[in-house]
Amino acid sequence: MERLQKIIAAAGIASRREAEKIILAGRVKVNSKVVNELGVKADPSRDKIIVDGKPLMAKTKSYYMFYKPRGVVTTMKDPEGRKCISDFVKGLGERVYPVGRLDYNTEGLLLLTNDGELAQKLTHPSYEIRKTYRVKVLGIVPFAKLDKLRMGVELEDGLTAPATVDLIGYDRERGMTEFNITIHEGRNRQVRRMCDVIGFPVRDLQRTKMGPLALRGLGRGKIRELDDDEVQLLMKI
Ligand code: URA
């Protein structure tokens, strides 16, 4: 017996939190009875579970890597009509959802999956998944300021955990310093806020790595399915 929201998430319909909302909204039936409270358990091999009138079927999980371009909202719908994830996943023939989010103006690696359980692990702070960002800021950043990012800076929601910062160099032509920063917290706009604190607002932000996955040669706006080795690495988390 397992909790209903876990069964629904495992079937790839929604994340566990979304599944809870679906249950509370009265959209789920177990053996012909509406279940609209949390905590109910079921056996997916014996009980008849129906979501929105459709029987729940065990579905194979899918995992994709997406190079989110700048100017795209990390949601499936945008009331303001801006470009969002659904504009890119239409051709896949299955429903997948973004794992966590990137700001509207941040580009780079975004994982898409229908594996709600894995999505939850990858975004939960206790798993401390490492994420690497390539940062560009205007001007020359003194070493002491990079050290400050490494040691932790005070944000309004508290001190940041130690980060890895690797200087790439100074681009003379554009007058910009480039560096990689690796963090394992998932706070809102964290890298941008950290750079604001040291007085070097971010001009360009790209996520290049997430856990064991790296963006590598994927083109901007493109999606590719993860290969078996990559999926295995994710499963080890
Ligand atoms: N940090 C940010 O500031 N923005 C992102 O999109 C991701 C991390």
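When residues are sorted by class, Ala, Val, Leu, Ile, Met, Phe, Trp, Tyr, Cys and Pro count as nonpolar, Asp, Glu, Lys and Arg as charged, and the others, Gly among them, as polar. By that sorting, the shell around the ligand has four nonpolar, two polar and three charged residues.

This is a predicted model, in which local features need pLDDT of at least 70, side-chain atom pairs count only at pLDDT 80 or more, and totals for chains, interfaces and linings use all residues. Residues are numbered from 1 along each chain as its sequence is written, and side-chain values use heavy atoms, with hydrogens and water left out.

**Around the ligand**

Let's meet the neighbours: Leu102, Asp103, Thr106, Tyr133, Arg189, Gln190, Val191, Arg192 and Leu205 surround the ligand (each has a heavy atom within 4 Å of it). Helix α6 (residues 190–197) gives the most to this shell, with three residues; helices (H or I, at least four residues) and strands (E, at least two) are DSSP runs, numbered from the N terminus.

| Residue | Part of residue | Ligand atom | Distance |
|---|---|---|---|
| Aspartate 103 | side chain | nitrogen | 2.7 Å |
| Threonine 106 | side chain | oxygen | 3.0 Å |
| Glutamine 190 | backbone | oxygen | 3.4 Å |

Taken alone, the ligand exposes 230 Å², and the protein buries 95% of that (accessible areas come from the Shrake-Rupley method with a 1.4 Å probe).

**Strands side by side**

Now look at the strands, which pair if DSSP finds at least two bridges between them. Four strands make an open sheet in the order β3-β2-β5-β6, with antiparallel pairing. β3 (33–34) and β6 (54–55) are at the edges with a single partner strand each, so one side of each has no neighbour in the sheet. Strand β2 (residues 28–30) is joined to β3 by two bridges, and lysine 29 stands opposite valine 34 in β3.

Elsewhere, strands β13 (residues 164–171) and β14 (residues 176–183) pair in the antiparallel sense over seven bridges. Aspartate 171 stands opposite methionine 176 in β14. The two strands form a hairpin with four residues between them, and glycine 175 in the turn has a positive phi of about 65°.

Technical notes: Polar contact = N/O pair within 3.5 Å; in protein donor to acceptor, adjacent residues only side chain to side chain.
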